[in-house]
Amino acid sequence: MILFGIELAVTEQRISVFTMTHPSWNRRTFLAGSAALFSQMTAARAAETPPPVVPTPFRNPNVYRFQIGDIEAFSISDGHSLMRSGIAMMHPEGDRPQMKTVMESNYERLDGIPLYINILVLRKGKEVAIFDAGFGKWPNPNFGWFFDTLASVGIQRGDVTAAFLSHAHVDHIGGFVTDDAITFPNAQFFCTQPELDFWFSPEPDFSKSKRDKKELPGLTRDNRKRFEILKPVTQVLKDGSSVWDGDIKIELAPGHTAGHAIFHIQSKGEKLLHIMDLVHHHLLMFENVNWTIAFDHDPELAVVTRKKVFAQVMSEKPRLYGFHLPWPGLGHLASKSAHSFSWIPERYSWGS
Ligand SMILES: [Zn+2]
């Protein structure tokens, strides 16, 4: 009742203002009519069951279209994974003060590192290729956006004809299997033999990795299950082999995982090199190519491979695309010194 009193008082105040500016209205008539309307509204409100309040997290646009020669390309963000450990997941440990300085001088947050999850989609005629599939179905609103966004550009799951896997970490392989079934029913699934061999070896060797060892049995079990489900559509690609009449070429880039792959895409003289998890951050692995992330299975080999591919990139200067780089993930590599580079992100283009 107190609430009701306050409500009426506020209403009366508003009416005073209203009748002052509209002298033809009779204040008493208005007040009586208003009270009747108010009681009707209160009754109606009580009869209604209020709908549950489910906040919908707002998503900024997460699809960016571009062209590689004759190939139509999309960079679709599956969201991001916020790594709360921040630079504590970077190695060597002794270099963390320098890493912190680099982050601070670039106005980067230190309470966590957001790992972007960028999925490259290519379309040429009736062929559609995807490069990794993101996390897939998860209850976390920060990621798992890929399927909705793919549909929003008019590509249904059944339209995907080629599904490439770079390596079997959950942010890359998760989306290829949904509810224990193949997500893209008409797609050939391409992966490398060393990646399969690693996950199916009796004891996958994580001895060099700085990963949390507790999560490894679950990781191995989940991946074996996914690969078994995908087996009927799996085709193993050898290092240097190509598909799509040579438009897509696979290159083994081991270290992050045993069979980690990167992809050379070309059409009509235009090139794109998808460097996948050769780097995980737009500052840290560029500022010092020797800095590594805890997720590397073999950090030393990851550094050797990064140096080798960076040398190749500096001589050929292809346009690059990175799975974990700030979305949309396109850019170029610039060299500062023997072991130090810069990521030059490509500015947005509106198409002409
Ligand atoms: Zn990754």
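Student: In the hairpin of β11 and β12, which residue takes a positive phi?

Tutor: Trp244, with phi near 55°. That hairpin has 4 residues between the strands. Strands here are DSSP runs of E, at least two residues, and helices are runs of H or I, at least four, both numbered from the N terminus. Keep in mind that this is a predicted model: local features need pLDDT of at least 70, side-chain atom pairs count only at pLDDT 80 or more, and totals for chains, interfaces and linings use all residues. Residues are numbered from 1 along each chain as its sequence is written.

Student: How many bridges join β11 to β12?

Tutor: 2 bridges, between residues 242–243 and residues 248–252, running antiparallel. Two strands pair if DSSP finds at least two bridges between them. Ser242 has Lys249 in β12 as its bridge partner.

Student: And what about β12 and β13, parallel or antiparallel?

Tutor: Antiparallel, over 5 bridges, with β13 at residues 261–267. Leu252 is bridged to Ala261 in β13.

Student: New topic. What is the strand order in the open sheet?

Tutor: β1-β2-β4-β5-β6-β9-β10, so 7 strands, with mixed pairing. The edges are β1 (63–68) and β10 (234–236), each pairing on one side only.

Student: Which sense do β5 and β6 pair in?

Tutor: Parallel, over 3 bridges, joining residues 127–131 to residues 162–164. Ala129 stands opposite Ala162 in β6.

Student: Which residues have the most contacts inside the largest nonpolar core?

Tutor: Val121 and Ala163, in a core of 77 residues. Strand β4 (residues 113–124) gives the most to this core, 8 residues. A nonpolar core is a set of buried Ala, Val, Leu, Ile, Met, Phe, Trp, Tyr and Cys residues joined through C-beta atoms within 7 Å. Buried takes 20 or more other C-beta atoms within 10 Å of a residue's own, exposed 12 or fewer, partly exposed in between, with C-beta atoms placed from the backbone.

Student: What does Ala163 touch?

Tutor: Leaving out residues up to four places away in sequence, its partners include Ile130, Ala133, Phe176 and Phe184. Contact means C-beta atoms, placed from the backbone, within 7 Å.

Student: Which residues of α6 are buried?

Tutor: Glu195, Leu196, Phe198 and Trp199, in a helix spanning residues 193–200. They sit on the same side of α6 because they cover an arc of only 160° around the axis, the arc being that of the directions from the helix axis to the C-beta atoms.

Student: What do they pack against?

Tutor: β9 (188–191), α7 (216–230) and β10.

Terms used: Two residues are in contact if their C-beta atoms, placed from the backbone, lie within 7 Å.
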